[in-house]
Amino acid sequence: MHKYIELIKKTSLLKSLTTDEIAAYLRDGSFRVTSYGKNNIVHFEGELCSTLELILAGQVVVERIDEAGKLMNIAEFFHDDILGGNLLFSKNPYYPMCVTTKEPSVILAISKDRLFQLFTSDQQLLRKYLELIA
(Lines give C-alpha, C1' and ligand atoms only; values in the text may rest on other atoms or scores of the structure.)
Protein backbone atom coordinates (compact mmCIF):
# COMPACT_ATOMS: atom_id res chain seq x y z
CA MET A 1 0.00 0.00 0.00
CA HIS A 2 2.89 2.37 0.80
CA LYS A 3 4.18 2.36 -2.80
CA TYR A 4 0.72 3.33 -4.04
CA ILE A 5 0.46 6.16 -1.52
CA GLU A 6 3.73 7.60 -2.84
CA LEU A 7 2.50 7.34 -6.44
CA ILE A 8 -0.79 9.04 -5.50
CA LYS A 9 1.02 11.88 -3.71
CA LYS A 10 3.02 12.56 -6.91
CA THR A 11 -0.13 13.39 -8.90
CA SER A 12 -1.10 16.99 -9.53
CA LEU A 13 -4.76 16.34 -8.65
CA LEU A 14 -4.24 14.69 -5.26
CA LYS A 15 -1.00 16.29 -4.02
CA SER A 16 -2.91 18.30 -1.41
CA LEU A 17 -4.03 15.12 0.39
CA THR A 18 -2.08 13.84 3.38
CA THR A 19 -0.62 10.35 3.63
CA ASP A 20 -3.17 9.53 6.35
CA GLU A 21 -6.10 10.68 4.18
CA ILE A 22 -4.93 8.63 1.22
CA ALA A 23 -4.39 5.55 3.42
CA ALA A 24 -7.89 5.96 4.90
CA TYR A 25 -9.49 6.26 1.45
CA LEU A 26 -7.63 3.14 0.26
CA ARG A 27 -8.81 1.26 3.36
CA ASP A 28 -12.45 2.29 3.01
CA GLY A 29 -12.51 1.42 -0.70
CA SER A 30 -13.27 4.89 -2.03
CA PHE A 31 -9.78 4.83 -3.60
CA ARG A 32 -8.94 1.59 -5.43
CA VAL A 33 -5.66 0.85 -7.20
CA THR A 34 -5.58 -1.67 -10.05
CA SER A 35 -2.57 -2.92 -12.00
CA TYR A 36 -2.96 -3.90 -15.64
CA GLY A 37 -0.64 -5.78 -17.97
CA LYS A 38 0.28 -4.68 -21.47
CA ASN A 39 -2.66 -4.67 -23.93
CA ASN A 40 -5.31 -5.21 -21.23
CA ILE A 41 -8.79 -3.77 -21.63
CA VAL A 42 -9.60 -1.20 -18.96
CA HIS A 43 -13.08 -0.30 -20.27
CA PHE A 44 -15.27 -1.59 -23.06
CA GLU A 45 -17.22 0.70 -25.36
CA GLY A 46 -20.62 1.37 -23.76
CA GLU A 47 -19.44 0.58 -20.21
CA LEU A 48 -20.77 2.81 -17.42
CA CYS A 49 -18.25 5.34 -16.07
CA SER A 50 -18.76 5.22 -12.30
CA THR A 51 -15.33 6.38 -11.07
CA LEU A 52 -12.73 8.95 -11.92
CA GLU A 53 -9.50 7.22 -12.85
CA LEU A 54 -6.03 8.66 -12.47
CA ILE A 55 -3.10 7.03 -14.23
CA LEU A 56 -0.33 6.46 -11.69
CA ALA A 57 2.02 4.67 -14.11
CA GLY A 58 2.00 3.35 -17.67
CA GLN A 59 0.26 4.28 -20.90
CA VAL A 60 -3.44 4.00 -21.72
CA VAL A 61 -5.10 4.59 -25.08
CA VAL A 62 -8.62 5.18 -26.31
CA GLU A 63 -9.17 3.10 -29.43
CA ARG A 64 -11.81 2.73 -32.08
CA ILE A 65 -12.31 0.12 -34.77
CA ASP A 66 -13.08 1.72 -38.13
CA GLU A 67 -15.36 0.37 -40.87
CA ALA A 68 -12.48 -1.59 -42.40
CA GLY A 69 -11.75 -3.31 -39.08
CA LYS A 70 -8.56 -1.36 -38.41
CA LEU A 71 -7.77 -0.25 -34.88
CA MET A 72 -7.21 3.50 -34.54
CA ASN A 73 -5.69 5.27 -31.54
CA ILE A 74 -7.90 8.26 -30.71
CA ALA A 75 -6.05 9.51 -27.61
CA GLU A 76 -3.11 8.53 -25.42
CA PHE A 77 -2.86 9.03 -21.68
CA PHE A 78 0.16 8.82 -19.36
CA HIS A 79 1.12 9.34 -15.71
CA ASP A 80 -1.00 12.06 -14.06
CA ASP A 81 -3.71 12.02 -16.75
CA ILE A 82 -7.33 11.28 -15.85
CA LEU A 83 -9.91 8.99 -17.44
CA GLY A 84 -13.64 9.55 -17.14
CA GLY A 85 -13.38 13.15 -15.99
CA ASN A 86 -15.62 14.32 -18.81
CA LEU A 87 -18.07 11.42 -18.35
CA LEU A 88 -18.52 10.86 -14.63
CA PHE A 89 -20.99 13.69 -13.97
CA SER A 90 -22.56 13.77 -17.44
CA LYS A 91 -26.12 12.79 -18.40
CA ASN A 92 -24.74 9.95 -20.52
CA PRO A 93 -21.83 8.52 -18.46
CA TYR A 94 -20.81 5.69 -20.79
CA TYR A 95 -17.43 5.16 -22.42
CA PRO A 96 -17.88 5.90 -26.14
CA MET A 97 -14.82 3.83 -27.11
CA CYS A 98 -12.61 1.05 -25.80
CA VAL A 99 -9.86 1.97 -23.31
CA THR A 100 -6.77 -0.29 -23.24
CA THR A 101 -3.24 -0.30 -21.88
CA LYS A 102 -0.27 -0.06 -24.23
CA GLU A 103 2.18 -0.96 -21.48
CA PRO A 104 1.83 -2.26 -17.93
CA SER A 105 -0.15 0.39 -16.05
CA VAL A 106 -1.33 1.29 -12.57
CA ILE A 107 -4.63 3.17 -12.28
CA LEU A 108 -6.30 4.73 -9.26
CA ALA A 109 -10.12 4.70 -9.31
CA ILE A 110 -11.84 7.29 -7.10
CA SER A 111 -15.50 6.76 -6.24
CA LYS A 112 -17.93 9.44 -7.38
CA ASP A 113 -19.08 10.06 -3.79
CA ARG A 114 -15.51 10.48 -2.47
CA LEU A 115 -14.61 12.75 -5.36
CA PHE A 116 -17.64 14.95 -4.69
CA GLN A 117 -16.73 15.08 -0.98
CA LEU A 118 -13.18 16.14 -1.91
CA PHE A 119 -14.54 18.86 -4.20
CA THR A 120 -16.62 20.33 -1.40
CA SER A 121 -13.80 20.29 1.13
CA ASP A 122 -10.77 21.18 -1.02
CA GLN A 123 -11.09 24.09 -3.45
CA GLN A 124 -7.54 23.56 -4.71
CA LEU A 125 -8.42 20.00 -5.75
CA LEU A 126 -11.65 21.16 -7.44
CA ARG A 127 -9.74 23.88 -9.32
CA LYS A 128 -7.14 21.34 -10.54
CA TYR A 129 -9.88 18.90 -11.62
CA LEU A 130 -11.59 21.62 -13.65
CA GLU A 131 -8.26 22.49 -15.30
CA LEU A 132 -7.73 18.83 -16.22
CA ILE A 133 -11.13 18.36 -17.84
CA ALA A 134 -11.26 21.75 -19.58
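## Cysteines, a pocket and a helix pair

At 3% relative accessibility, C49 falls in the buried class (buried is under 20% relative accessible area, exposed over 50%, and partly exposed in between, with a 1.4 Å probe and protein chains only). This is a predicted model, in which local features need pLDDT of at least 70 and side-chain atom pairs count only at pLDDT 80 or more, while totals for chains, interfaces and linings use all residues. Residues are numbered from 1 along each chain as its sequence is written, and side-chain values use heavy atoms, with hydrogens and water left out.

Let us stay with the cysteines for a moment. C98 is also buried, with a relative accessible area of 18%. The sulfur of C49 lies 14 Å from its closest cysteine sulfur, in C98, and that is too far for a bond. A disulfide here is a pair of cysteine sulfur atoms within 2.5 Å, and by this rule the count is 0 disulfides.

Next comes the open space. The largest pocket has a volume of about 360 Å³. Its 17 lining residues include F77, I82, L83, G84 and N86, which are the closest to the pocket centre. Strand β4 (71-77), strand β5 (82-83) and helix α4 (123-133) each give two or more residues to the lining, and β4 provides the largest share, with 3 residues. Helices (H or I, at least four residues) and strands (E, at least two) are DSSP runs, numbered from the N terminus. By class, the lining has 13 nonpolar, 3 polar and 1 charged residues. Here Ala, Val, Leu, Ile, Met, Phe, Trp, Tyr, Cys and Pro count as nonpolar, Asp, Glu, Lys and Arg as charged, and the others, Gly among them, as polar. A pocket is an open set of points on a 1 Å grid over the protein atoms alone, where a 1.4 Å probe fits, with protein on both sides within 12 Å along at least five of seven lines; lining residues have an atom within 4 Å of a point. The volume is the space filled by probe spheres set on the points, which are joined across faces, edges and corners.

Helix α4 also has a helix partner. Helix α3 (residues 112-121) packs with α4 at an angle of about 115°, and their axes are 5 Å apart. Axes are lines fitted to C-alpha atoms, for helices over the stretch in contact, and angles run from 0 to 180 degrees between N-to-C directions. From α3 the contact involves L115, L118, F119 and S121, and from α4 it involves Q123, L125, L126 and Y129 (contact means heavy atoms within 4.5 Å). By class, this contact has 6 nonpolar, 2 polar and no charged residues.

K112 also belongs to α3. This lysine is partly exposed, at 36% relative accessible area. Not counting residues up to four places away in sequence, K112 touches S50, L88 and F89.

| Residue | Phi | Loop |
|---|---|---|
| N39 | about 65° | between β1 (31-36) and β2 (41-43) |
| D80 | about 80° | between β4 and β5 |

D80 is buried, at 18% relative accessibility. T11 sits in the loop between α1 (2-9) and α2 (19-28) and is buried too, with a relative accessible area of 1%. Leaving aside neighbours within four places in sequence, T11 is in contact with L54, L56, H79 and D80.
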